[in-house]
Amino acid sequence: QTQPRSLPNADLLSQLKYFSQIATRIAQQQAQQKEPTTLPTLAELQGALSGGIEVAGSLQSGLNASFNFQGNNWQWGNYSINDVIARGTFANGVVTLLPLRVDLNPGSLAFTGQLGTEQLSGQLRVASLPLSLLQPFIERYPVDVTGNVNAVATLGGDLKDPRAIGE
């Protein structure tokens with residue numbers, strides 16, 4: 001219910017300032033409602049990364065690489081990441097991850113599989129991921145979510161027609 005407000009005994013300048021404050025608040029609220037919630041940019045990712053990469057190739061065999069990286073105590077916008085592990089290879093235009101793992105506190109995400117333009121295959125595991133981490137994305141909906149997400153999804157298909165089956 002709207003509550004009328006007025007300044008009947010104030011001079012015109014005070015009334016105009018008050019009106020301007022109200023208009024500014026309304027504009028700010030409308031802008032916040034229109035702004036989609038997004039993940040932070042990669043430029044906002046802070047933390048140490050260690051590891052190595054080995055690259056070999058020739059005109060006949062093409063480019064081949066293997067990598068093994070670890071990171072810990074990362075900050076990504078408002079998200080804290082305890083540990084990151086990325087192990088895998090690149091050959092024939094396909095990245096094989098064995099695994100890519102991100103440990104949050106609490107919860108974790110892990111992917112093992114192959115990512116290429118012609119083929120996607122692998123398994124994504126989500127363990128004890130708090131639904132509260134998703135709150136910025138669902139706050140505009142009239143739902144209250146609590147608990148943790150545990151999921152396993154098998155990915156397949158290709159970039160034009162990706163598929164996922166899971167529980």
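In this predicted model, Ser 108 is in contact with Arg 101, Val 102, Asp 103, Arg 125, Val 126 and Ala 127, leaving aside its neighbours within four places in sequence. Ser 108 belongs to strand β5, which covers residues 108-116. Its relative accessible area is 9%. Because buried means under 20% relative accessible area, Ser 108 is classed as buried.

Strand β5 is part of an open sheet of eight strands, arranged in the order β1-β2-β3-β4-β5-β6-β7-β8 with antiparallel pairing. The edges of the sheet are formed by β1 (45-58) and β8 (162-166), each of which pairs on one side only. On average, neighbouring strands of the sheet are turned by 15° against each other, direction ignored.

Strand β2 (residues 62-76) runs antiparallel to strand β3 (residues 79-91), and the two are joined by twelve bridges. Within this pair, Gly 71 stands opposite Val 84 of β3. β2 and β3 form a hairpin with two residues between the strands, where Gly 77 adopts a positive phi near 65°.

The relative accessible area of Asn 92 is 69%. Exposed means over 50%, so Asn 92 counts as exposed.

Strand β4 is joined in turn to β5 by eight bridges, and these two strands run antiparallel. Thr 96 has Gln 114 in β5 as its bridge partner. Strand β4 also contains Pro 99. The peptide bond between Leu 98 and Pro 99 is cis, with omega at about -5°.

A positive phi in a residue other than glycine is also found at Ser 128, where the value is near 50°. Ser 128 lies in strand β6, which spans residues 120-130. With a relative accessibility of 33%, Ser 128 counts as partly exposed, whereas Asn 92 is exposed and Ser 108 is buried.

The open space in the model was examined next. Rolling a probe the size of a water molecule over the atoms shows where empty space is left. The largest pocket has a volume of about 370 Å³. Its lining consists of 15 residues, and those nearest its centre are Leu 39, Trp 76, Tyr 79, Leu 104 and Leu 109. By class, the lining of the largest pocket comprises 15 nonpolar residues, with no polar and no charged residues. Strands β2, β3 and β4 each supply at least two residues of this lining. The contribution of β3 is the greatest, at three residues.

Conventions:
Residues are numbered from 1 along each chain as its sequence is written. This is a predicted model: local features need pLDDT of at least 70, side-chain atom pairs count only at pLDDT 80 or more; totals for chains, interfaces and linings use all residues. Side-chain values use heavy atoms; hydrogens and water are left out. Two strands pair if DSSP finds at least two bridges between them. Helices (H or I, at least four residues) and strands (E, at least two) are DSSP runs, numbered from the N terminus. On a 1 Å grid over the protein atoms alone, a cavity is a set of points where a 1.4 Å probe fits but cannot get out, and a pocket is an open set with protein on both sides within 12 Å along at least five of seven lines; lining residues have an atom within 4 Å of a point. Grid points are joined across faces, edges and corners, and a volume is the space filled by probe spheres set on the points. Ala, Val, Leu, Ile, Met, Phe, Trp, Tyr, Cys and Pro count as nonpolar, Asp, Glu, Lys and Arg as charged, and the others, Gly among them, as polar. Buried means under 20% relative accessible area, exposed over 50%, partly exposed in between (1.4 Å probe, protein chains only). Contact means heavy atoms within 4.5 Å. Axes are lines fitted to C-alpha atoms, for helices over the stretch in contact, and angles run from 0 to 180 degrees between N-to-C directions.
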